[in-house]
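Please look over the model shown below before reading the briefing. The notes after it are grouped by topic.

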Amino acid sequence: QRYLLPDYQSDIASGHRVAASIYMEASMGYDPGDTDPLASAAEIDFALEARDRGNGIVCNGIVSYVNLRQGGNVRSVLKKHVERGRGALRGIRDTLAWSEYPELRNHRINPSVGDLSSDTFRAGAVAVGEAGLALDLWIYQDQLAELADVVRDVPGTRFVLDHCGGPLMCGPYACEPAQRFAAWKEAVARISDAGNVHVKIGGLGMRTLGFNFHQRLEPPSSEDLEQAWAPYVGSCLRYFGPERCMFESNFPVDKEIASYKTIWNAFKRLSAHLREDERRLLFAGTARAVYQVQG
């Protein structure tokens with residue numbers, strides 16, 4: 001998908017007041033097949049260029065990719081990323097979404113089974129915390145039990161669980177949505193006991209949830225999204241509370257189903273019953289605290 005600075009600027013000007021944004025790694029600016037541990041640092045340059053042209057509200061913080069399973073030199077790699085970020089680096093993301101079904105695996109980074117629970121990954125997670133950075137993780141719901149052990153063993157790191165913890169309802173799981181939702185909800189409740197875990201509410205437009213909005217002749221309305229997403233959003237809010245939740249656009253991926261304006265309208269609908277201070281946390285406060293963004 002082509003999604004560069006003008007595309008993002010057009011989206012954020014479509015009806016909502018965006019005060020600041022966090023750039024999330026997406027294998028831009030380098031070849032993800034490059035095995036050099038420092039190759040992914042080039043994406044920081046890509047984000048900084050956008051920040052310099054973004055009128056003060058683009059890439060106020062940057063999250064880059066580091067393979068935390070690479071072993072002993074991870075601290076030196078993190079140090080290089082921090083230096084490359086010129087004060088803007090706020091986090092690292094490692095993508096470990098693995099499934100026993102090859103068609104559901106994340107082929108962009110292509111993790112292996114057991115990566116999440118390895119001692120090497122734990123050591124990398126510790127190093128991220130020691131560097132003062134947040135650690136974003138994209139995993140699937142069946143890996144939440146593994147992550148619960150990791151976050152318990154690495155209490156000094158701020159973990160960010162992307163995309164509501166990766167509920168997986170499509171493909172081989174499409175025939176048992178109720179059981180899959182119940183299992184996801186139970187796993188989310190269990191991991192929420194760890195106070196160093198935050199959750200991003202979003203990514204619910206991806207095909208992995210099996211809503212099949214991308215197959216409609218007309219895109220869903222914000223009311224349609226509110227109705228479909230309410231069980232997931234409500235569960236995250238119940239178990240983590242607004243102080244550990246933040247809304248995320250997941251653009252351009254979720255652009256496949258609806259516009260930026262429509263998705264954020266859905267989030268506003270989904271949070272309309274909350275107090276104003278709780279909504280401020282969801283739309284800005286939690287993200288500012290986790291990624292240490294001022295303004």
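Is Asn212 buried, exposed or partly exposed? Asn212 is partly exposed, with a relative accessible area of 37%, where partly exposed lies between buried, under 20% relative accessible area, and exposed, over 50%, using a 1.4 Å probe and protein chains only. This is a predicted model, in which local features need pLDDT of at least 70 and side-chain atom pairs count only at pLDDT 80 or more, while totals for chains, interfaces and linings use all residues. Residues are numbered from 1 along each chain as its sequence is written, and side-chain values use heavy atoms, with hydrogens and water left out. Helices (H or I, at least four residues) and strands (E, at least two) are DSSP runs, numbered from the N terminus.

**The sheet**

- The open sheet has 7 strands in the order β1-β2-β3-β4-β5-β6-β7, with parallel pairing, where two strands pair if DSSP finds at least two bridges between them.
- Its edge strands are β1 and β7, each of which pairs on one side only.
- Neighbouring strands of this sheet are turned by 25° against each other on average, direction ignored, with axes taken as lines fitted to C-alpha atoms, for helices over the stretch in contact, and angles running from 0 to 180 degrees between N-to-C directions.
- Strands β1 and β2 (residues 61-65) run parallel and are joined by 3 bridges, and Tyr23 stands opposite Ile62 in β2.
- Helix α5 (residues 144-153) packs on the sheet, where it touches β4 (134-138), β5 (158-161) and β6, and its direction makes about 165° with that of β5; contact here means heavy atoms within 4.5 Å.

- Helix α6 has 15 residues and reaches 21 Å from its first C-alpha to its last, close to the 21 Å expected at 1.5 Å a residue, the expected span being 1.5 Å times one less than the number of residues.
- The buried residues of α6 are Arg180, Trp184, Ala187, Val188, Ala189 and Ile191, and what covers them includes α5, β5, β6 and α7.
- Helix α7 (residues 222-240) bends by about 55° at Trp229, and Pro231 follows within four residues; the bend at a residue is the angle between axes fitted to the seven residues ending there and the seven starting there.
- Buried residues of α7 include Trp229, Tyr232, Cys236 and Phe240, and the cover over the buried residues of this helix includes α6 (177-191), β6 (197-201), β7 (245-247), α8 (260-270) and α9 (276-291).
- Just after α7, Gly241 takes a positive phi of about 80°.

**Loops and backbone geometry**

- Most residues other than glycine have a negative phi, and most peptide bonds are trans.
- Cys164, in the loop between β5 and α6, has a positive phi of about 60° although it is not a glycine, and Cys164 is buried, with a relative accessible area of 1%.
- Asn212, in the loop between β6 and α7, is likewise a residue other than glycine with a positive phi, near 60°.
- A cis peptide bond, with omega of about 10°, joins Phe251 and Pro252, and Pro252 is found in the loop between β7 and α8.
- Ser40 is found in the loop between β1 (22-24) and α2 (42-52) and counts as buried because its relative accessibility is 4%.
- Leaving aside residues up to four places away in sequence, Ser40 touches Tyr30, Tyr65 and His81.
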